[in-house]
Amino acid sequence: MFGQTSTTTTTTPPPPNDRGLEDLDAAAMAYAARIAGLPPERRGEARDDLVRFALPFAGRLARRYRGRGEPLEDLEQVARLGLVNAVDRYDPERGSFTAYAAITIVGEIKRHFRDRTWGVHVPRRLRDLILEVGQATAALTSELSRAPSVAELSARLETPEEEILAALESAAGYSPASLNAPVGGESSAEFGDLVGESDNALESVDDRVTVSGLLHRLPWRERRILAMRFYGNQTQAEIAARFGISQMHVSRLLSRALTWLRQAMLADAPPPWQNGAAEPDPGKTRISVKQNGDSVVVEVGGEIDRDGADQLRRAMLEAVTGQPSEVVVDLVGAGGFDAGGIAALMAGRDAAERTGVPLRLTRVQPAVRRSLTAAGLAPARD
């Protein structure tokens, strides 16, 4: 009788090359028995053996999803990650490892398609419907020998047509067109060039319209100063020289006008300007002809534009016609001359030269003086 020798054996998963079909359940049970008495730091080798043993199984599951727009290498990587998670979470008391690993791996692959492959975010319910619409479209195309209509898809899936249309439109979000794609032909334009941009100025439209209406409630001088400062980019010193006032006065006028505009913007009804006291409009043309002994004084005020030019021309011709000893054009109140106003002054000067009547321009504002000098109308120095 032969002696019996007591031996202790450790069950390990057989190499995959030694078996045609891997018995994952047996290998997993052997793995569980092997690590039962080992400390955590020594379980890594057994874990790696089981993972390597089950890699062909994970690869077969990954290949089921090829041809759906993702490289097979990426799908295999995701399947291997799912396999590692299945090995780490495996509990022999809960049943078959093969079933648990298959569910875990397929879940990782589907999660990859859900979270990583869509070009835009689409709700999960709509993504599921997109898959159903695709399957129903293939089935109906085979049955009808043509592409099915939205109504036929709706009837097959028992889903409202609005949701079918939403699914068909959202399917384009899986792989959206690139904004750098060429428009077509030999044009160098790209698709992104046809996409409009957000206009940030739209947010200020209401404020612009409101301010435009409020500006007309301001006196003429304040309107002009605001326009020169914020639209003409002129300094306070330049504005002061234009109106013949001090820079400090311009600063006070600007501060008062801006304060009133802010209050009017926030109020339901604009507050009265200066407690309702109306100021004369310096912009209105004012021309008067006065006799001063043997001379005639033509007082000019306001802005002399095209409408006021004819009035100034008539006043100067009337003053010259009476053959006075002198015609004095007092421009202390004149705020500005356009081309028509300059032409009216030149017409009066020419008439005075023809009749031999001396004509003198006096008390001219600095800004007006520059315009007259440029036009050849040298004002007298006061």
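Student: What volume does the second largest pocket have, and what makes it a pocket rather than a cavity?

Tutor: Its volume is about 290 Å³, a volume being the space filled by probe spheres set on grid points joined across faces, edges and corners. On a 1 Å grid over the protein atoms alone, a pocket is an open set of points with protein on both sides within 12 Å along at least five of seven lines, whereas a cavity is a set where a 1.4 Å probe fits but cannot get out. The model is predicted: local features need pLDDT of at least 70, side-chain atom pairs count only at pLDDT 80 or more, and totals for chains, interfaces and linings use all residues. Residues are numbered from 1 along each chain as its sequence is written, and side-chain values use heavy atoms, leaving out hydrogens and water.

Student: Which residues line this pocket closest to its centre?

Tutor: V211, L215, F230, Y231 and L261 are the closest of the 13 lining residues, lining meaning an atom within 4 Å of a point. Helices α8 (205-215), α9 and α11 each supply at least two lining residues, and α8 gives the most, with 5. A helix here is a DSSP run of H or I, at least four residues, numbered from the N terminus.

Student: How does the lining divide by class?

Tutor: The lining has 9 nonpolar, 1 polar and 3 charged residues. Ala, Val, Leu, Ile, Met, Phe, Trp, Tyr, Cys and Pro count as nonpolar, Asp, Glu, Lys and Arg as charged, the others, Gly among them, as polar.

Student: Why are α9 and α11 called roughly perpendicular?

Tutor: The axes of α9 (residues 220-230) and α11 (residues 247-266) cross at roughly 100° and come within 10 Å. Roughly perpendicular covers 65 to 115 degrees, so α9 and α11 qualify. Axes are lines fitted to C-alpha atoms over the stretch in contact, with angles from 0 to 180 degrees between N-to-C directions. Among the residues that meet are I225, L226 and F230 in α9, and L253, L254 and L261 in α11, contact meaning heavy atoms within 4.5 Å.

Student: What makes α10 roughly perpendicular to α11?

Tutor: α10 (residues 236-243) packs against α11 at about 105°, with the axes 8 Å apart. That angle makes α10 roughly perpendicular to α11. Their contact has 5 nonpolar, 3 polar and no charged residues.

Student: How do you know that E108 and R111 form a salt bridge?

Tutor: Their closest N and O atoms are 3.1 Å apart. A salt bridge needs a side-chain nitrogen of Lys or Arg within 4 Å of a carboxyl oxygen of Asp or Glu, so E108 and R111 meet the cut-off. The two are 3 residues apart in α4 (residues 97-116), and therefore separated by about one helical turn. The structure holds 15 salt bridges.

Conventions
Parallel < 35°, antiparallel > 145°, perpendicular 65-115°, else oblique.
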